[in-house]
Amino acid sequence: MENVFKPEFKPEFFSVLKQGYTKKMFQADLLSGIIVGIVALPLAIAFAVASGVNPAQGLITAIVAGFIISFLGGSRVQIGGPTGAFIVVVYGIVEQYQLSGLMIATIMAGVLLVLFGLLKLGSVIKYIPHPLVVGFTSGIALTIFSTQVKDAFGLETGKLPGDFIGKWSMMIDAFGTINPWAVGITVVTILISVYFVKVTPKIPGSFVAIVVVTLVTYIFDIPVATIGKTVSGETAMEIPTTISFSFPEIDFSQVKDLIGPAITIAVLGAIESLLSAVVADGMIGANHKSNTELIAQGIANIAAPIFGGIPATGAIARTATNVKNGGRTPIAGMIHAVVLLLIMFFAAKLAESIPLACLAGVLIVVSYNMSEWRSFLSITKGSKYDTVILLVTFFLTVLVDLTAAIEVGMVLAAFIFMKRMSDQSEVIDVKKESDTVENYAYLPKGIEIYEISGPFFFGAAKKYRETLRQFGNEAKVLVIRMRHVPFMDATGARNFEAMLSDMEDLNVKVVLSGVNESVYSELNKTGIVEKLGNKNVCSNFDLAQQRAKEVLQEVNPGALA
């Protein structure tokens with residue numbers, strides 16, 4: 001038991017240094033880090049703007065959280081920072097609790113992530129059903145797309161409401177205010193982002209699109225809104241060129257309300273970072289340390305808000321870019337953060353000239369790539385249970401919020417799993433099965449044999465009890481084969497005890513066969529072994545048959561004559 005509670009925190013950065021870090025490795029990491037920094041620049045800004053916060057907060061997150069995730073993380077190539085998945089969550093929190101509430105929720109989420117790692121919950125993430133992950137990922141993609149329609153078309157709507165239907169209703173009403181220049185910029189950005197890879201895969205299309213479109217917009221003074229100015233030329237927002245340390249004021253009256261959002265940030269961050277790490281493992285043939293990764297993600301999310309950042313997690317696209325460009329150690333991720341820091345110090349004012357329609361184009365491509373529409377359609381063609389989980393999670397993500405989607409989706413998935421497990425559980429009359437009739441024909445009248453298949457848990461316990469009570473009417477001695485019962489929970493044990501009382505009322509004796517160690521332990525703890533008598537709990541079927549004959553002779557002398 002001692003190892004269970006021993007924290008698992010072994011950052012890959014220190015493992016790399018211990019194994020030996022060469023000049024050749026540094027050259028590869030340096031090149032990859034610079035490229036990933038360039039890739040991360042437009043995404044960090046775009047995610048921040050779409051989330052309703054200052055562009056600098058996206059950069060700060062990529063710098064601070066990105067450095068910490070690489071420095072302390074359990075993956076050799078993970079790149080951390082703001083991601084599209086958080087746009088919906090961050091926007092909703094800022095809308096309801098302002099920026100201070102977001103800071104508190106992010107720090108709380110960071111603490112939860114550290115606890116997840118210390119409690120070794122890293123491996124638990126793999127038990128989240130695939131339909132649920134696809135459901136909320138596709139829902140997030142649609143929501144991100146919805147947040148970009150206004151800027152993509154240059155609509156004059158004023159501040160949009162947070163809910164999906166209200167947002168679309170207002171945008172449809174304002175469609176007469178379309179800015180053709182904004183539409184053109186959006187289309188050009190999408191085309192460059194998607195097709196520039198055919199020119200060279202080394203330079204990201206989104207970066208090229210932003211540079212080209214921003215220069216053209218600036219040179220020809222195209223009338224579209226930018227990060228720094230509105231269409232009419234008024235100042236919109238400024239990107240600061242410094243990073244300041246400021247611990248957010250905690251309003252304890254808000255803390256209780258922020259527990260739900262904090263859990264959403266933590267769970268979503270854990271899922272996305274570990275999925276990203278798993279993808280990276282497959283690309284480089286390595287194994288990440290999931291619990292170390294969660295602790296690092298937690299520390300990063302505690303630190304980022306203190307410097308003015310927003311929630312961060314592992315970013316699959318940037319991590320893949322890192323691997324494809326030769327990054328093989330955490331130093332590449334740390335260099336990417338330094339590159340972003342230098343850009344913020346020396347080129348922040350240039351970033352203010354980026355058109356919002358250009359960022360919208362970048363995010364529309366991001367939303368399409370994360371939509372997983374092929375997986376979505378594939379799941380709908382499969383099991384009806386998986387389809388229900390997928391659709392419920394998807395529509396809750398879009399129409400309500402991600403917190404409700406994850407909570408309801410997990411509960412629904414658990415209930416459906418229990419239903420399916422219960423459906424697979426059965427009680428078989430082995431003496432009446434066509435392929436076993438001859439094997440049991442020699443047993444004397446009064447002995448009935450039934451076999452339980454499947455876990456004896458609360459989802460199936462009542463079904464077992466009712467079926468066995470019905471079968472008990474035909475027997476003097478009931479042999480219950482349990483070789484295919486892998487475990488029994490407390491509810492199962494209670495229903496089993498109730499079934500024994502039913503049999504006692506019917507004057508039927510019970511003999512158990514093939515009870516494994518786990519099931520025997522549960523039966524013993526609840527006093528069922530003592531109630532049955534040790535002799536009536538047999539390790540194999542031969543002993544159970546012999547014991548059944550003895551019991552039958554005791555209750556009905558002469559039955560074996």
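Visitor: Which residues of strand 4 point one way, and which the other way?
Guide: A strand here is a DSSP run of E with at least two residues, and a helix is a run of H or I with at least four, both numbered from the N terminus. In strand 4, Ile447, Ile449, Glu451 and Ser453 point one way, while Glu448, Tyr450 and Ile452 point the other way. Both sets are buried. Keep in mind that this is a predicted model: local features need pLDDT of at least 70, side-chain atom pairs count only at pLDDT 80 or more, and totals for chains, interfaces and linings use all residues. Residues are numbered from 1 along each chain as its sequence is written, and side-chain values use heavy atoms, with hydrogens and water left out.

Visitor: Why is strand 4 called largely enclosed?
Guide: Buried means under 20% relative accessible area, exposed means over 50%, and partly exposed is in between (1.4 Å probe, protein chains only). Seven of the seven residues of strand 4, residues 447-453, are buried, so the rest of the structure largely encloses this strand.

Visitor: How many bridges join strand 4 to strand 5?
Guide: Two strands pair if DSSP finds at least two bridges between them. Here there are six, and strand 4 runs parallel to strand 5, residues 477-484. Ile449, for one, has Val479 in strand 5 as its bridge partner.

Visitor: What about disulfides: what does the count come to?
Guide: The rule asks for a pair of cysteine sulfur atoms within 2.5 Å. The count is zero. Cys358 is buried, at 0% relative accessibility, and Cys538 is buried too, at 7%.

Visitor: Where is Tyr127, and is it buried or exposed?
Guide: Look in the loop between helix 4 (85-118) and helix 5 (130-153). Tyr127 is exposed, with a relative accessible area of 60%.

Visitor: And Thr403: where is that one?
Guide: Thr403 sits in helix 17, residues 402-424. Thr403 is buried, with a relative accessible area of 19%.
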